[in-house]
Amino acid sequence: MDLGLIVAAGLATGTVLLFAAIGEIFAERAGVLNLGVEGMMLMGAVTGFSVTGSTGNPWFGLGAAMLVGGLFGLLHGVVTIRLRADQVVSGLALTFLGTGLARVLGEGLTNTNVERLPTISIPVLADLPIVGPIVFANQSVLVYVGFGLVPLAWFWITRTRPGLHLRAVGEAPAAADAQGIGVYRLRLGYVVVGGILAGLAGATITLAVSPGWFGDQTVNGRGWIAIGLVIFARWSPIWAAFGAYLFAAISPFILGLQGVPTILGVENPFLPGRSATFFLEMLPYLFVIGVVILGSRSAARRRIGAPAALGIPYVRGERGH
Amino acid sequence: MTFHLEPRTVTPRWLSPLVTVGAVAVALVISGGIIGLVGGDPVRSYAHILEASFGSVGVLSDTLVKATPLILTGLACALAFRMRLWNIGAEGQFLLGAWGASAVVLFPLVPAGTPGIVLIPLMMIAGMLAGGIWGLIPGVLRARLGVNEIIVTLMLNYIALAWIQFWVFGPWSEGGFQQTHPFPPEAALPRLADFASIVPGFAGLTVHLGLVFGLVAAGLLWLFLERSRFGYEIRLIGDSPRAATYAGIDIKRRLIIVFAISGALAGLAGMSEVNGAVHRLQDHISPGYGFTAVIVAYLAKFRPGRVVVAAILFGALILAGREIQPSGVPAMIQGIILFTLIVSDVLVRYQVRVTRGGRGPTVPATPAASPSAGSAGGG
């Protein structure tokens, strides 16, 4: 197998995780845990696919997916911020709702085909030696959006005044409130942003990376993997990008194992059709457990961790927790 | 127009059950609207669900068969949630329980022809052990390393499914099909139909001994939570971890034990399902019992007795939902019910005051208000 092709494919699948993880970083930095990523991604995936199918224009599909993701984010935001419901339960409900609704809406979409988003090459950069053809040539336009989003998100969160406010409402909402920052408004806004990005992540699957609708299997746990990546990345967009691309680049190597008849002279137990391939299927999930353990440990050691107010509803006038 | 939430000082006893029933009703109306929007007939769908799940003694029996694994996994979730431990891994623990029970007869660990009176308890132990160990993993990781249990339990679900698939496609496969050989008849949990020679009315009724496991487990869990010191400590940790720490309770130890018991309950559900209903191991042994269990536990406000009732309702939905088109409808209804439930909780905890225009009265400072007590539904 060509190494360049593997890396190029990894960048595309990594983009899915990247969008979802950065969306979750925005929400969690603002203090709102959203466990509904899987459901929002499924809704984005099915909306993007079906709207593209009915309009024939993948850009409409993409826009609709982001809109629906944002609406789901808004639902979670209103329920947890305004109505002060438990963020864990509301997030789980969002995933159940998204999964069920996506399956209802996706009825009859399997085995259909829609227009994909265009793939483009970046002029000049694509001509760079080695890196150019792999990273900047013939990639879906969304891959480049992902490249751009990482520094943008990092700059926004760490170097701008609105980013400072974002971190303030996630770390010390009472102090932020006292400074005149609209805690509820900002939190709601960033949860919606997280939803929009999760919807985008879902549409990235169905309109760019692996087009088609396969029921819940379309997203297949990647929403949860994205939430795990956020912990691994310690709420940094840069580390989230590193984790997302690394994760996506490793996966094809593991699947590639199925292609070789012998390993070190021993008959390969992971050949397609052999039951041992199920152990390969476990690896991504074991990997997530591994990175979450590492993330928790290093966060504990270096005393940098979750935003201090993550998961705690803010109620003006109530004592801080 | 703005609205404000003020914590209730007094909550009438009738309010909580009324609001819960109302929330389910609202969820059904919303779901009906969506079914109508996608071209279905909501009235016929609901009528079908009622007819196909409660319409006769025979289908009621089938509903109870579907409710059995939901009771046990629902109890598993209710116990963990009561301590505010988010065990979303009942699905994986269920699968491991089914695997553990199967291992007893498929490896086999006991000689062929072992009588049921020995075999069934052994399979129960094996199932609870396997489920318990699967629950222990996130428990230990959370207690020792502070690892988020939600992510770990979810990932373990996917790993458990791949584990089951390995065995049913590989070593235990029956002629290459994705299922194992059927279990020996001694392993089958007795069904009501088995007693048709004594009581003719039992003919064809599929309800099996697993339902009794579920009811006994619910009773024991109630005793454990409400009448034991350990149960009191768990409830205290759930309501106020800080108070529990001041009281000198070793939270980490309780956490590991609760996770193990929770896993064992879900594991027993898996055992009961393979021994009582399916009689072999397959890869599609669960239509998501472990996930529905989350909603069952929440609808029951984590009370063991109410878990039984909620499990029967969702058992009906799963049973009848198999024939409803589109196929995602039962899952969608479950999600909407969970949403209306958490929104309805607000009505129980707070008074909603609507004011026209401008800023209303500010929420009075309530230093004694404990935010966690409300979501746990009181003591």
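Okay, some ground rules. Because this is a prediction, local features need pLDDT of at least 70 and side-chain atom pairs count only at pLDDT 80 or more, while totals for chains, interfaces and linings use all residues. Residues are numbered from 1 along each chain as its sequence is written, and chains are lettered from A, with ligands numbered from 1, in the order in which they are written.

Let's start with chain A. It has 12 helices and four strands. Of the 321 residues of chain A, 51% count as buried. Buried means that 20 or more other C-beta atoms lie within 10 Å of a residue's own; 12 or fewer is exposed, in between is partly exposed, and the C-beta atoms are placed from the backbone.

Now find helix α9 of chain A, residues 183–209. How far does this helix reach from its first C-alpha to its last? The answer is 37 Å for 27 residues, close to the 39 Å expected at 1.5 Å a residue. That expected span is 1.5 Å times one less than the number of residues.

One more stop in chain A: A:Leu294, in helix α12, residues 277–302. With 14 C-beta neighbours inside 10 Å, A:Leu294 is partly exposed.

Over to chain B, and helix α3, residues 57–82. Its 26 residues should span 38 Å at 1.5 Å a residue, and the end C-alpha atoms are 35 Å apart, which agrees. α3(B) bends by about 30° at B:Ala67, with a proline, B:Pro69, following within four residues. Is α3(B) mostly covered or mostly uncovered? Covered: 21 of its 26 residues are buried. After α3(B) comes B:Arg84, with a positive phi near 60°.

Here's some background on that. Most residues other than glycine have a negative phi, and most peptide bonds are trans. Keep that in mind for the loop between α11 and α12 of chain B, where B:Lys301 sits. B:Lys301 isn't a glycine, yet its phi is positive, about 50°. B:Phe302 lies in that loop too, and its phi is positive as well, near 65°.

What about the peptide bond from B:Phe107 to B:Pro108? That one is cis, with omega near -15°. B:Pro108 is in the loop between α4 and α5 of chain B.

Next, a pair of helices: α7 of chain B, residues 210–227, and α8 of chain B, residues 229–239. Their axes come within 5 Å and cross at roughly 70°. The axes are lines fitted to C-alpha atoms, for helices over the stretch in contact, and angles run from 0 to 180 degrees between N-to-C directions. That makes α7(B) roughly perpendicular to α8(B). Under 35 degrees would be roughly parallel, over 145 roughly antiparallel, 65 to 115 is roughly perpendicular, and the rest is oblique. Among the residues that meet are B:Phe224 in α7(B) and B:Ile234 in α8(B).

Last up, the place where the chains touch. 47 residues of chain B are in contact with 46 residues of chain A, where contact means C-beta atoms, placed from the backbone, within 7 Å. On the chain B side, the largest share, 12 residues, comes from α13(B). That side divides into 35 nonpolar, 11 polar and one charged. For the record, Ala, Val, Leu, Ile, Met, Phe, Trp, Tyr, Cys and Pro count as nonpolar, Asp, Glu, Lys and Arg as charged, and the others, Gly among them, as polar.

Terms used
Contact = placed C-beta atoms within 7 Å. Helix = DSSP H or I, 4+ residues; strand = E, 2+ residues; numbered from the N terminus. Bend = angle between axes of the 7 residues up to and from the residue.
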